[in-house]
Amino acid sequence: MNADTTWLLQLPIPSSERKPSSRLWFNLILDPWLFGPQSDVASWFSRQWHAIEPAIGSIEEVNQLCERVECLSELVGQDPFGEREKGRVDAIAISHEFTDHCHKETLLGFDTSTPVIATTKAARLISGWKHFDRVIETPSISGLGADWKITRIDGLPEWLGVGRVVNGDDAFYYHSAVVVTFRLGTRESPESVIYSPHGISPDSLSPICNSNPSIDVLAILHGLHDVSIDWGQQLNLGALNGVKVQKALNAKYWIGTHDEVKQGGGIVSWLLRRKVYTAADVLQAAKEEEQSSVLGRGEYLELDNGGSVCLM
């Protein structure tokens with residue numbers, strides 16, 4: 001939805017869960033930041049703007065997009081939502097409390113009835129705004145043989161789960177992942193989309209790799225750029241880490257995220273260090289790592305601002 005790391009994940013509602021003329025898609029938005037600047041701590045410390053105007057720049061445009069997708073189907077009428085629906089977005093997931101992921105001005109534009117699933121610090125922050133009716137802390141996925149069902153959330157469909165895995169030694173939880181898991185149709189194994197905007201250590205993914213029942217990873221969202229701060233804090237782990245993550249998970253698709261070179265101000269902007277990697281660098285790194293195939297079964301996809309892809 002922008003050039004950075006705001007995504008609309010549309011999941012087909014299983015036919016067994018649908019009623020005649022009901023909606024076909026469950027709409028989950030990840031880390032919405034659609035307009036305006038963002039600032040952490042204070043503007044003198046860190047302040048950023050999108051360098052590229054987001055393709056979807058308002059909540060109204062999000063809703064219109066969801067409606068257009070519904071109207072493409074012959075199974076629904078021209079007004080699939082009618083009076084019964086209060087909001088077009090079914091849920092919001094927040095990966096971090098930092099304001100480029102948890103953007104107050106954007107979030108306050110969503111309907112108050114929209115459930116928000118957020119990490120611990122972000123959930124506390126959002127609850128303090130007293131805007132949303134439900135703010136749920138993202139369930140943690142840990143241990144060998146973890147069952148994806150522990151990530152099911154009351155009030156959301158039973159075929160859907162939203163959870164989180166983290167690096168155990170990362171005090172700030174930069175390097176974590178939101179795990180969206182879903183069971184569609186008659187598939188025996190659930191599928192998942194794993195969203196890790198700052199990257200995550202492959203070793204921390206053992207609860208996913210060794211889950212019971214096994215989880216088939218449809219896609220990972222992991223950035224290419226290696227970003228750090230002069231005093232030694234690693235922010236985005238970048239493409240070389242992404243290759244290891246993709247191999248650990250054997251994801252069918254790898255989609256780049258959180259690589260927009262934003263306009264910045266404040267102290268942090270002077271201390272940021274960025275190593276820019278391209279898709280070609282990813283493929284070369286994978287060849288050197290494995291010296292045979294490129295990314296296993298994986299396919300790297302780079303989506304432009306406003307781009308979309310159907311994951312099969």
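Two residues are in contact when heavy atoms of one lie within 4.5 Å of heavy atoms of the other. That term is used throughout this walk through the structure, which is a predicted model.

Leaving out neighbours within four places in sequence, P190 is in contact with W148, T181, F182, P213, S214, I215 and D216. P190 itself sits in the loop between strand 9 and strand 10. The C-alpha atom of P190 is 9.9 Å from that of G161, and the two residues are 29 positions apart in sequence.

Now the whole chain. The protein has 7 helices and 17 strands. Of its 312 residues, 51% are buried. Among contacts with a separation of 6 or more, 64% are between residues 24 or more positions apart.

The nonpolar residues come next. In soluble globular proteins, nonpolar side chains tend to be buried together. In this model the largest nonpolar core has 28 residues, and the members that touch the most others are L11, F26, L28, I117, W159, V180 and F182. Several strands each supply at least two residues of this core, among them strand 1 (7–12), strand 2 (25–30), strand 9 (176–182) and strand 11 (216–222). L11 gives an example of the packing: apart from neighbours within four places in sequence, L11 is in contact with L24, W25, F26, W159, L160, V180 and F182. A second, separate core has 21 residues, including L34, I59, I94 and C102.

Two of the residues named for the largest core also belong to an aromatic pair. A pair of aromatic rings is described by the distance of the centres and the angle of the planes. How many aromatic pairs does the model contain? The count is 3. One of them joins F26 and W159, with 6.0 Å from centre to centre and 80° between the planes, an edge-to-face arrangement. F26 lies in strand 2 and W159 in the loop between strand 7 and strand 8, so this pair ties together parts that are 133 residues apart in sequence. Both F26 and W159 are buried.

F98 is in the loop between strand 5 and helix 2, while Y174 is in the loop between strand 8 and strand 9, so the pair links parts 76 residues apart in sequence. F98 has a relative accessibility of 15% and therefore counts as buried. Y174, at 14%, is buried too.

Helix 3 spans residues 120–127, and I126 lies within it. At 1% relative accessibility, I126 counts as buried. Beyond neighbours within four places in sequence, I126 is in contact with I94, C102, L107, V116, A118, F132 and V135. The C-alpha atoms of I126 and L108 are 9.5 Å apart, and these residues are separated by 18 positions along the chain.

A disulfide is a covalent bond between the sulfur atoms of two cysteines. How many disulfides does the structure hold? It holds 0. C102 is buried, with a relative accessible area of 1%, whereas C310 counts as exposed at 57% relative accessibility.

The last stop is T5, in the segment before strand 1. T5 is buried, with a relative accessible area of 1%. Its side chain makes a polar contact of 2.7 Å with the side chain of Y195. Not counting residues up to four places away in sequence, T5 touches L30, D31, H101, Y195, P197, T257 and H258.

Key
Residues are numbered from 1 along each chain as its sequence is written. This is a predicted model: local features need pLDDT of at least 70, side-chain atom pairs count only at pLDDT 80 or more; totals for chains, interfaces and linings use all residues. Side-chain values use heavy atoms; hydrogens and water are left out. Helices (H or I, at least four residues) and strands (E, at least two) are DSSP runs, numbered from the N terminus. Buried means under 20% relative accessible area, exposed over 50%, partly exposed in between (1.4 Å probe, protein chains only). A nonpolar core is a set of buried Ala, Val, Leu, Ile, Met, Phe, Trp, Tyr and Cys residues joined through side-chain atoms within 4.5 Å. A polar contact is a pair of N or O atoms within 3.5 Å; within protein, one must be able to donate a hydrogen and the other to accept it, and residues adjacent in sequence count only if both atoms are side-chain atoms. A disulfide is a pair of cysteine sulfur atoms within 2.5 Å. Rings of Phe, Tyr and Trp (its six-membered ring) pair if their centres lie within 6.5 Å; planes under 30 degrees apart count as stacked, over 60 as edge-to-face and the rest as tilted.
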